[in-house]
Amino acid sequence: MAQLKAARVADVPTLDVVAPGLVVAEADASAAIAAARGPGGRFSVVGHRGKGMNALASADRRLQEVRENTVRSFNDAARFPVDYVEFDVQVTKDGCPIIFHDNFIYTEEDGKISQKRVTDLQLEDFVQYGPQNEQGKIGKPLLRKMKDGRMLNWNVQSEDALCTLQEAFEKVNPRLGFNVELKFDDNLEYEEEELTRILQAILQACVIFEYAKDRPILFSSFQPDAAQLMRKLQSKYPVYFLTNGGTEIYTDVRRNSLEEAIKLCLGSGLQGIVSEARGIFRHPAAIPKIKEANLSLLTYGTLNNVPEAVYMQHLMGVNGVIVDLVPEITDAVSELIALPEPDSEVENLSSNQAAKGAATPNFSQREISFLLRLIPELVQ
């Protein structure tokens, strides 16, 4: 029995507090769903936006280590035993799928803050922001707007240029699966015609089907209509519905609970749910319902940076976790759960994956009691 590593709620990174026309032929997606659960049904660890999101206001320097959603961040994650990297895909005005999380991109020009909606930019404009791969070329400085309205310089320790989805397929270690989040603005309403145009750009741009090859891929989205439509447009890759699990309330009731998420998946043929971890801990009775519906279950959120919370989810039946602290969490669970072998060098691209059987943690009643006492504190 591996010893639990100590973790305090105070150790969870604080993200926003300043420190002093294409229809794909029907195909069987069961193999892809199995891959999402890991070889042999193994518990999966997924790198959030690569090796972890950039929380610029956090005192935790690990969250400003490498620029999120870049080729470097994805390949840095590949050095650790993760199955997938998760990233956000939007489509530029001229129809190019790019990888970027925020709805708006900010820079400073002539002493003034400039704001542009990412999807209003042409590709040639988008790639002018931030670090440049071309030697001697200087990009527009990137700023990031916090939830409380503050504007911070988007500086990290290890830089890389913004990238397209095609570049990710071409340059990222092929052993890594891609969890492609279909990103939409919660404050906008989308007609089916517009959603179709966006999703077809992702599929039709010779990105997914020309460059994917044998790489495991799954789609996910908080936008219920987009998730349903992606399932209609193709069936080669599984589609998961992203939900806050009831931790936030929206006008669209489909987004407001795990029960609604299950209903949406069953009604639309979706293959899984990605829930905020707090939603799972607040409503653990939803897990057997999800399993009975033959759906896969992943979680995300800052609780997934606490080893004990990850262990508990594994015991509860969660199939995998999306994490920011990739080195720490993979190390913490590696003694309990079979994970793929990391690559010693990203440059040595190998598609061979270790297919280890799932390991079941052997917790004592005392340890389980400790975890159960810890979870309410974590949820609060």
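At what angle do the axes of α11 and α12 cross, and within what distance do they come? In this predicted model, the two axes cross at roughly 50° and come within 10 Å. At that angle, α11 is therefore oblique to α12. The crossing of α11 with α12 is right-handed. On the α11 side, the contact is formed by Pro307, Val310 and Tyr311, and these meet Ile329, Ala332 and Val333 of α12. By class, this contact has 6 nonpolar residues, with no polar and no charged ones.

Let me stay with α12, which spans residues 326-333. Its buried residues are Val326, Ile329, Thr330, Ala332 and Val333. Viewed down the helix axis, they fall within an arc of 160°, so they line one face of α12.

Helix α5, residues 192-204, packs with helix α7, residues 224-233, at an angle of about 55°, and their axes lie 10 Å apart. The pair is therefore oblique, and its crossing is right-handed. From α5, the contact involves Glu192, Leu195, Thr196, Leu199, Gln200 and Leu203; from α7, it involves Asp225, Ala226, Leu229, Met230 and Leu233. How do these residues divide by class? The contact of α5 with α7 has 7 nonpolar, 2 polar and 2 charged residues.

Definitions and conventions. Residues are numbered from 1 along each chain as its sequence is written. This is a predicted model: local features need pLDDT of at least 70, side-chain atom pairs count only at pLDDT 80 or more; totals for chains, interfaces and linings use all residues. Side-chain values use heavy atoms; hydrogens and water are left out. Axes are lines fitted to C-alpha atoms, for helices over the stretch in contact, and angles run from 0 to 180 degrees between N-to-C directions. Helices (H or I, at least four residues) and strands (E, at least two) are DSSP runs, numbered from the N terminus. Angles under 35 degrees count as roughly parallel, over 145 as roughly antiparallel, 65 to 115 as roughly perpendicular and the rest as oblique. A crossing is left-handed if the near helix is turned anticlockwise from the far one by less than a right angle, and right-handed if clockwise. Contact means heavy atoms within 4.5 Å. Ala, Val, Leu, Ile, Met, Phe, Trp, Tyr, Cys and Pro count as nonpolar, Asp, Glu, Lys and Arg as charged, and the others, Gly among them, as polar. Buried means under 20% relative accessible area, exposed over 50%, partly exposed in between (1.4 Å probe, protein chains only). The arc is that of the directions from the helix axis to the C-beta atoms.
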